[in-house]
Amino acid sequence: MKLVLCTHRSFSAWFLRFAMWSKWSHSAVFDEEKMVVYDSTFFNGGVRKWPAKVWFEKNGIYEIRPLDVPSDRI
């Protein structure tokens, strides 16, 4: 799994970056094994699963970071 930070050239993305003092306005999770991206937005109805190629083409300004997912410890 990878963390994807991204932004857009829209007013709402600009406003979020301004309000949070951040380079990024949105985040998502990229599953490299399944080649899908999971993200959530208020206007698109919550959590959605996208084919990675489609999501990365749609969100052209992004940065991918490692995401450590701990294994189950029971």
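Helices (H or I, at least four residues) and strands (E, at least two) are DSSP runs, numbered from the N terminus. The model is predicted, so that local features require pLDDT of at least 70 and side-chain atom pairs count only at pLDDT 80 or more, while totals for chains, interfaces and linings use all residues. Residues are numbered from 1 along each chain as its sequence is written, and side-chain values use heavy atoms, with hydrogens and water left out.

**View A. Trp21 in the loop between helix H1 and strand E2.** Trp21 is placed between helix H1 (11–20) and strand E2 (26–31). Its phi is positive, about 55°, although Trp21 is not a glycine. Most residues other than glycine have a negative phi. Trp21 is exposed because its relative accessible area is 81% (exposed means over 50%, buried under 20%, and partly exposed in between, with a 1.4 Å probe and protein chains only).

**View B. Met35 in the loop between E2 and strand E3.** Strand E3 comprises residues 36–41, and Met35 belongs to the loop that lies between E2 and this strand. Met35 likewise is a residue other than glycine with a positive phi, near 55°. With a relative accessibility of 45%, Met35 is classed as partly exposed.

View C. Thr7 counts as buried because its relative accessibility is 7%. Its side chain makes a polar contact with the side chain of Arg17 at 2.4 Å (a polar contact is a pair of N or O atoms within 3.5 Å; within protein, one must be able to donate a hydrogen and the other to accept it, and residues adjacent in sequence count only if both atoms are side-chain atoms). Leaving aside residues up to four places away in sequence, Thr7 touches Ala13, Arg17, Lys23, Trp24, Ser25 and Ile61, where contact means heavy atoms within 4.5 Å.

**View D. Aromatic pairs of Phe56 with Trp55 and Tyr62.** Rings of Phe, Tyr and Trp (its six-membered ring) pair if their centres lie within 6.5 Å; planes under 30 degrees apart count as stacked, over 60 as edge-to-face and the rest as tilted. The count by this rule is six aromatic pairs. Trp55 and Phe56 form an edge-to-face pair, with 5.3 Å centre to centre and 90° between the planes. Phe56 and Tyr62 form a tilted pair, at 4.7 Å centre to centre and 50° between the planes. Trp55 is buried at 1% relative accessibility, Phe56 is buried at 15%, and Tyr62 is partly exposed at 35%.

**View E. Aromatic cluster of Phe11, Trp14, Phe15 and Phe18.** These four residues, Phe11, Trp14, Phe15 and Phe18, form one aromatic cluster.
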